[in-house]
Structure formats: C-alpha cells, structure tokens
Amino acid sequence: MNFSLKNKKQRRRAIRYTVALLLVLYLFCLPGKLFDVPYSTVVTDRNGELLGARIAGDGQWRFPPDDTVPEKFRRCIIAFEDRWFDYHIGVNPASIARAFVQNIKAGRIVSGGSTLTMQTIRLSRGERRTIGEKIIEIILATRIECRYTKSEILAMYSSHAPFGGNVVGLEAAVWRYFGHSSSRLSWAEAATLAVLPNSPSMIHPSRNRSALVAKRNRLLKYLHDNGDMDAVDYDLAMSETLPAEPLPLPQIAPHLVTYFYKNSEGKHVVTSIDKAVQQQVESILDLRHSYFERSDIRNMAAIVIDVLTNEALAYCGNVGFDDRKSSNQVDVIRAPRSTGSIMKPFLYYAALHDGLILPNTLLPDIPLNINGFVPQNFNMQYDGAVPASKVVSRSLNIPSVYLLREYGVPKFYDFLKKAGMTTLSQPPSHYGLSLILGGAEATLWDVSFMYSDMARSLLDLPRTQGRLSSSSLSLSSSSSSSSYLSSSSSSSSSSFLSSFSSSSLPDVFSPGEVWQVFEAIKELNRPEEIDWRYIPSMREIAWKTGTSYGFRDAWAVGATSRFVVGVWVGNANGEGKPELVGARTAGPVMFDIFNMLPASEWFVRPESKFVEAQVCRLSGHLKSRYCDEADTVLITPNGLRTEACPYHTYVNLSIDGRYRIYADCIGAEEPTIRRNWFVLPPVWEWYYKQHHPEYKILPPFMSGCGGDAASPMAFIYPSGNARVHLPKQMDGSDGEITFELAHSNSNATVYWHLDSDYLGMTRDFHKYTFQPPKGRHQITVVDNEGNTISIGITVE
C-alpha cells in the first residue's frame, strides 16, 4: 500500500516538473523565425533605386526586412519611443513603473511602458493586449536581447511597425508618403515617421494633420535641445509641410516587376537595370508608340544589354502597362514570336565557320519552288546571283533558303539551340527550310543575348548566361549611383568584369567569322531595309531587321562593342498590319535608343584569326587557274576549305571574238584567241545580266565547229518533278499555267513540246502558257541549235 502511494507521488512530481519545464521552454525560447508574415515583392535597379513593387499577399505594403536603419530615423524613434533602448536588456523597469502610476491616475490605460524590444515581440506575435500577454512580452524581450544585437532588433521593429492604412514598415512608408528611399530621409520626414507607429490609426498624414505636426515638432524640439540637430537643420525641419496623400509607388519596368513577382514573390530583387537608361528607353517607346498607334500597331518591346557584363540595362516588356485593352500587359520580351529574317546573320556565320562559303561567294537568287514552298524576296525581284555578304545585309530570302538547303536544316537547328535559342520545341523536319524565314519562333530575350554573345567573342570575353539580377549586385551605403548615361564610354572591360562573376558557357562563336558577319551587317547602304532620311544620326552598328510572314512581327537588333539593343514592334495578339515592317518600325526605334546611349568604338579586327588568300573578284570563291581578276584578302582558315571558283572557264574564240571554236576544228594556220570567261548557270545568268550590264554572255559556237557540253537552257518554272496546281477561273473552270525558260543566247528560238505533242515556239522571252491535262507529263524544249532539255511534272 505504501509502495503504491509512493509511486503516485513520484508520478505527480514528474508531471509537475514536466509542466514547469514546458512552461519555461514556452516562455524563454523564441521561435526560429520571429516574423512569419508575407512581404511585398520589391524590385530595384543596380544602384538601389526602386523600380516598382507588388503588394503582399495579405494586402499590406510590407517591404522585405532591411538589416539597417537610417541614422536620422534611429535617433528619432529612440528619442520618441525608448530613450534607454541602448542600455536596457529588453525591459525598462522604470518605464513600466511610470506607466503603472500613469494608468492608475488616469483610470484607464494611457501608457504601456513597452520598450522597442517589447514592441518588436508584440508585432511578431500579433496577440491582443492583456496583462498575461504583457508578461510574455517582458520575458521574451529579455530572450531576444540575447539572440540579436540592438541594431538588428531596431531593424526588425522598423521593418514591421504599422505606419497607417495598409502601410507597414519604414521603407514602404517612406516611399508611400515621401516618394523616395529611406536613405534620403530629412529630419522632418524621419520625425514624422517616428511618431506614426505610436497611433497609426488615429494620426495619419491625410487626417488629423495638426495633431501629427504637433507631435512631430515636439520631437524635433527635443532632438534640437539634446544636440542631435543644429539650428539650421531644426529651422528647416520645422518649416517642412506634411505630405497631402499617400503617393503611388514608381511604375518603372512594370513587366519586369511582374516577372519577379511571379518568380520571386516576397523578395527584394536587385536587378542589373539602370533606372536612367530604363526611363529613357521607356520615353522613346512611348513617343514612337503614339505614332504607330495611328496604324493600329499597339505593342512594342525593347531590351538594352551591356556587352561587357552580359546583363540587361533596360527591360521594356511592352508599352502602356495600365491599358488592358490591347494586350499591353503581355511581356513580349519573353513571348515566342515568328523571327522573320532576324536569324539570317547566324546562318551566314555558320556557313562561314563550316568552310561552306567565303564572305562574297555568289549565291543563287532565282525563282525557287520546292514541293509548293515558294519563297520570295521582299522586293519580289530576282538578281540571279548575289554575294553572300550582300544576301545577309540586304536580307534576301531566296539565296538564304538556297544556303540553308546546302548547309542542312538539322545542322542549323542544332547550332541555333547551342547558341541559346530555347524555343525550338519541334524536330528540324517540322520547320524545314522555312526555319530561316520565320518558320520558327524566338523570344527577344534569346535573340538579343545571342547577338551579345557574338559581340563578346570579339572582345575575347567568355560566353555567359544573360542576366537580369545577380547576387554580386547588392545594396550598400557605398553602392555607386552613377548611370550608364553619365559614364564614360571608354571604360575598360576589366574594371567591369571584376565586379561580376558568372560561370562560363561553352563557346559557340569564333571571333574571325563574327567579325565577317558584323562587317557585312554594319553596311549603311541598305535601301531594302531602311530609309535613312528618318535616322537623325548614324554610328557604326552591326544591325539586322526582320519581318514575319503576314506582317505580324517587326524586329531590329543591333550590336556595338558596348551595347546590344533589341526591339520588337507589332500586335501581341498576332494581328498583322501592312505597315509592320522591321525596317520601318523596329529599326528606327533601335537607332533612337542607340543615339541615346554613350558612343563606343568599333571592334578591333582579330588579326590572328585570319590568313591571306587569293579570291576571285567576280565569284567570291577562292581563285581558280582561270580567274583573271583576283584580290588578296583576309579570310578565316576555315575558308581555305571552300571550293575554287567554278564559274570561270577558258574558251577558244575566232579572231574577231564572235564565235567559239574548238582548236581542232580549223586549220592550224588560222589564228584564234584564247580567253578566260566568267559563265554563270543559265537561270542565274538570265537574271544576273539584267542587273549587271557588264556581264558578257558566251558567244555561240561557229556553225559546224562544236557545241556546248552543258545545256545553255534551264527551266525557271516549274522545277523538275514539281507538283503544279491549275488555278481556278472566276467561273470555276481550270485556268492555265505559264512555263518559263532561261536561255544563255538571247537570240535563240525555242520549240515547246508536251509529251510527244508540239505546242509552239518562243523567241527572245521564253514563256509559254497553256493548260496541261491533269496527271504526269514531260515538258521538252528544243532550241534552234538542237539543244534539248526536259523535265517531268505532275498536274493536280
């Protein structure tokens, strides 16, 4: 019996000890995270200037906590709330005793006697004010003093104190009431904010203004009398007026702020953006937008990249963010859009780097029909043959398709993915040859940073990921507030790179070929792309424009040794407009932005990446033994693998130069002329000679003295084994098809046949129109010299 009672006593004692221990742990141990509240998303530029913010999840403007407190506010809040803050251990017995006496005399609670440390605990717990809660605050205040420094406690209080309405925390209050950062607080502003948390619901800048001014002025007088302020600062502070109403927060780079709100909610994001550059770019876009709106072009985006750091300095995702009628909240910088011709420099680079072409290798510019795919140049004309550098600078579509077909779609597809194009979600066969004409979609972000990577290769800088924010960009009292607009353009890359670190990516671009690309696309005389009358000034810029099919997207991207500027203009909903041409819309905007940025020197040619070679002046190929005119030029080593000129050959001519002859066709005593001749394929030649009057066609063979080994004829339309469709007439009946032929002899007569039936003849211009029956057929033509050529077609 005694043994049972003894056990019961031991159990009761154990329970009492356990309860006491739990009570001690509850009272004396702080939670790991003192404040568990949602915060606003705050986005600042590289110098700490606020770009914008998004409200916290609970509807409060509560900026993420700061670890420092401005000195003026520190003095004001300590003087007003807790003058012994720097000396007590979280609790001030004298203040509590004084509050007790005051409350007894008043018959109600007029003073709480809480220290700033205790108020910090009360803000973190969010409980009702009771005697029991006050005891808990007293106990936990002593514990918080053991864990945190005085500066950290004051920073926590300042970041979570109420400042009236839905404004919580010092930084949010400074922006809402005074429109600037807390680092720029005046004495009057600091004193105003110091007295607000005492009774934020009763005293507010927009109501009870006289009571608020009286409180502020009493605090300012105390600070002056205590020696914290001199007479001049005191007089100025006393004369300052209160703000009339809470101010709206800055709305700079709103699409970027929204991006970080979605991806880093509740964080304080320090971006690479330069506020001054951003505002200038936004002004340019707003000005141009007011003009484009007349043509019902409603959206525009632009990005500016610092080539030295590969970071974005300006990010304008669209215009008119607050206008919800025209998809203005769509961030076009990250939206996949049809590329148009903006990718042609990358194909030019790839072909150069692969040793497929030299800068001026002739490419065909003739009608093309590949299983119904019929690309056209923007000017709807054909030049016959065009140097590759002119193809990219003039943005010619047909030669680009020929070049892609020769280079290979899968190969180019892989190159674009390695270069940073992230939107190629389908296999290469899905895009086909249209890949070079806008058949794929890209983002302005990807394309602009791909151009930046090319520029960085010429500066011997490693390829890095394009960035908007960086852990190495942080706010501090020593942060420089200088803007790119006021900095010298001659800053060395090493001084910038020492402040930015980023892991390198595998190199994609070689400086030699990039130099050749940039030299081609910096050419000024490009009437197909832009009207120079609308450009106020011009710098050396490697630039390219693009227009998507259906006039839905207009692009322009340019690069210098310091900056890359990318611009998109269009309608975010995909609506096309005839005026939506890259050269007429996005191009002028791009040049406006470049003219606003500091000028920079052109790239230095990477001499070590080039070798000398003899290049045919007419064909742009390596010189062959039949090329009479060749120049010694610098090419990259890969260019030595290209084909020697295939268009020069030697011919024997009669003494008068009128006929070609074979040497064994005439007597040995008859003199002949041996000459090297530049000869293009018949279809090339047909169009080439229309633009090059200096081009001379081969003389015909002397009668009975030889003939061409290669046919002097070639079909322009249709191509061999093509499927052609009979057009429909207005009455629904089948129409006719026009067949076209090129002949190197302008005086030739050509006889046309369908299968075994004779159709008719043409002279000079070889076009024949008729209605072939449906099915498989063979078209045969014979000229007056007996040369024959045939193609098979299927009529559907």
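This report describes a helix pair and a strand sheet in a predicted model.

## Basis of the model

The model is predicted, with local features requiring pLDDT of at least 70 and side-chain atom pairs counted only at pLDDT 80 or more, while totals for chains, interfaces and linings use all residues. Residues are numbered from 1 along each chain as its sequence is written, and side-chain values use heavy atoms, with hydrogens and water left out.

## Packing of α13 and α15

Helix α13 (residues 344-353) packs against helix α15 (residues 397-407) at an angle of about 45°, with the axes 11 Å apart. Helices are DSSP runs of H or I with at least four residues, and strands are E runs of at least two, numbered from the N terminus. Axes are lines fitted to C-alpha atoms, for helices over the stretch in contact, and angles run from 0 to 180 degrees between N-to-C directions. The two helices α13 and α15 are therefore oblique to each other (under 35 degrees is roughly parallel, over 145 roughly antiparallel, 65 to 115 roughly perpendicular, and the rest oblique).

In the contact (heavy atoms within 4.5 Å), K344, L347, A350 and A351 of α13 meet N397, S400, L403, L404 and Y407 of α15. These residues divide into 6 nonpolar, 2 polar and 1 charged.

## The open sheet

An open sheet of 5 strands has the order β20-β26-β25-β22-β23, with mixed pairing; two strands pair if DSSP finds at least two bridges between them. At the edges stand β20 (722-724) and β23 (757-763), each with a single partner strand, so one side of each lacks a neighbour in the sheet. The twist from one strand to the next averages 30°.

Strand β22 (residues 749-754) runs antiparallel to β23 and is joined to β23 by 6 bridges. T749 has R763 in β23 as its bridge partner.

Terms used: Ala, Val, Leu, Ile, Met, Phe, Trp, Tyr, Cys and Pro count as nonpolar, Asp, Glu, Lys and Arg as charged, and the others, Gly among them, as polar.
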